[in-house]
Amino acid sequence: MSSSTTQKFREFMAEPIGDKSIRDVPGIGDVLGTKLSDAGYERAYTLFGKYLLCNKDLEEFQDWIQTQCGANSHQAKSAAQAFADWAEAFI
């Protein structure tokens, strides 16, 4: 598991994704969340689906999210690592 200790990361990892908002994903705040929602990614599980479509390839997912919504490298890495850690813990 990642060494991240942010409250948002801990909350994300504490339970299944369920119906969490896109803004609950580490690295995704209001601005990126709005851009992703506008692109059809309103829930964390839809963005996780994109991560899976990238074959759980962290670099490919990070490149995609940077291109899709203008995430910076830190934001993209946080989101990708959260999904990688979540997948390892729950599936």
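I began with Asp30, which is exposed at a relative accessible area of 57% (buried is under 20%, exposed over 50%, partly exposed in between, using a 1.4 Å probe and protein chains only). This is a predicted model, where local features need pLDDT of at least 70 and side-chain atom pairs pLDDT 80 or more, while totals for chains, interfaces and linings use all residues. Residues are numbered from 1 along each chain as its sequence is written, and side-chain values use heavy atoms, leaving out hydrogens and water.

Next I looked up the partner of Asp30: a salt bridge joins its side chain to Arg23, 3.5 Å from N to O (a side-chain nitrogen of Lys or Arg within 4 Å of a carboxyl oxygen of Asp or Glu). Arg23 is partly exposed at 29%.

I found two salt bridges in the structure. Arg43 pairs with Asp19, with 3.5 Å between the closest N and O atoms. This pair links distant parts of the chain, 24 residues apart: Arg43 lies in the loop between H2 and H3 (44-53), Asp19 in the loop between H1 (7-13) and H2 (helices are DSSP runs of H or I, at least four residues, numbered from the N terminus). Arg43 is partly exposed at 29%, whereas Asp19 is exposed at 53%.

Then I turned to helix packing. The axes of H2 (30-38) and H4 (58-69) come within 9 Å and cross at roughly 85° (lines fitted to C-alpha atoms over the stretch in contact, angles from 0 to 180 degrees between N-to-C directions). So I noted the two as roughly perpendicular (65 to 115 degrees; under 35 is roughly parallel, over 145 roughly antiparallel, the rest oblique).
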